[in-house]
Amino acid sequence: MQQARKYKKKVNRKNPSIEINEVQSLKSYVNHKKMLDKSVRKSMITAFFILLIALFVKTYTMASDIHQQRKRLEELSTEKYSLELVRDDYKKKLEDSIDLEEIKRYAFESLGMKNAPDDKVIKIDVDK
C-alpha cells in the first residue's frame, strides 16, 4: 500500500491514461506478489507436513525397535533363569556324587597317604 502511494505521487495528473495503466500495473504486481505468497505458504505447509510424517515414521520405527529389544531381553532373562536352574542341579549332583570315604580310601591305598600324628594336627570348630 505504501508503494502505491509513492507511485501515485509520481504520476502525471494531466494525463489520466498513464495513471490508469500504472495503477493497473501496480495491481497486477500486487496480485502477483499475493499469488507468490500463497505459493510459498503452500510450500511451507507441505514441507511441514512431510517433516511431521517423517517424524512419526521415525518415532514408530524406534518404538518398534524398543519393543523388539524388550521381547529379546525377556527371552534372554528366561533362558538365563533356566540355565541357572540347570547349573544348580548339576552342582548338587556333583556335590552328592563326591564320596569322601572313597577319596580317602583311594589316597591311602593307591597313593600311599598316611594319617598325621595327633601332635601335628590342629583342630578347629567350623559352624556351618
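Reply: A residue is called buried under 20% relative accessible area, exposed over 50%, and partly exposed in between. The model here is predicted.

Me: Is Asp37 buried, partly exposed or exposed?

Reply: Asp37 has a relative accessible area of 37%, so Asp37 is partly exposed.

Me: With which residue does Asp37 form a salt bridge?

Reply: The partner of Asp37 is Arg41, and the closest N and O atoms of the two are 2.7 Å apart. A salt bridge needs a side-chain nitrogen of Lys or Arg within 4 Å of a carboxyl oxygen of Asp or Glu, so this pair counts. Arg41 is partly exposed, at 48% relative accessible area.

Me: Where do Arg41 and Asp37 sit in helix 2, and how many residues apart are they?

Reply: Arg41 and Asp37 are 4 residues apart in helix 2, so about one helical turn separates them.

Me: How many salt bridges does the structure hold?

Reply: There are 7 salt bridges in the structure. One of them joins the side chains of Asp96 and Lys92, at 3.3 Å from N to O. Asp96 and Lys92 are both in helix 2, 4 residues apart, or about one turn of the helix. Asp96 is exposed, because its relative accessibility is 56%. Another salt bridge is made by Asp88 and Arg87, at 3.2 Å from N to O. Asp88 counts as partly exposed, with 37% relative accessibility.

Me: Which residues are linked in a network of salt bridges?

Reply: Glu102, Arg105 and Glu109 are linked in such a network.

Me: How many aromatic pairs does a search of the whole structure find?

Reply: The search of the whole structure finds 1 aromatic pair. It consists of Phe48 and Phe49, whose ring centres are 5.6 Å apart.

Me: Why is the pair of Phe48 and Phe49 called edge-to-face?

Reply: Ring planes over 60 degrees apart count as edge-to-face. The planes of Phe48 and Phe49 are at 65°, so the pair is edge-to-face. As for accessibility, Phe48 is partly exposed at 48%, and Phe49 is partly exposed at 46%.

Me: Which residues make the nonpolar surface patch?

Reply: The patch is made by Leu94, Ile98, Leu100 and Ile103, and covers about 420 Å². Patch residues must have over 30% relative accessible area. Leu94 has 53%, so Leu94 is exposed.

Me: In which helix is Leu94 found?

Reply: Leu94 lies in helix 2, which spans residues 16-97.

How values were computed
Residues numbered from 1 in each chain as written. Predicted model: local features only at pLDDT ≥ 70, side-chain atom pairs only at ≥ 80, totals over all residues. Heavy atoms only, no water. Patch = residues over 30% accessible without salt bridge, like charges linked within 9 Å, V, L, I, M, F, W, Y side chains within 5 Å. Areas by Shrake-Rupley, 256 points an atom, 1.4 Å probe, with all protein chains shown as cover. Helix = DSSP H or I, 4+ residues; strand = E, 2+ residues; numbered from the N terminus. Buried < 20%, exposed > 50% of the residue type's maximum accessible area, 1.4 Å probe, protein only. Phe/Tyr/Trp six-rings, centres within 6.5 Å; stacked < 30°, edge-to-face > 60°.
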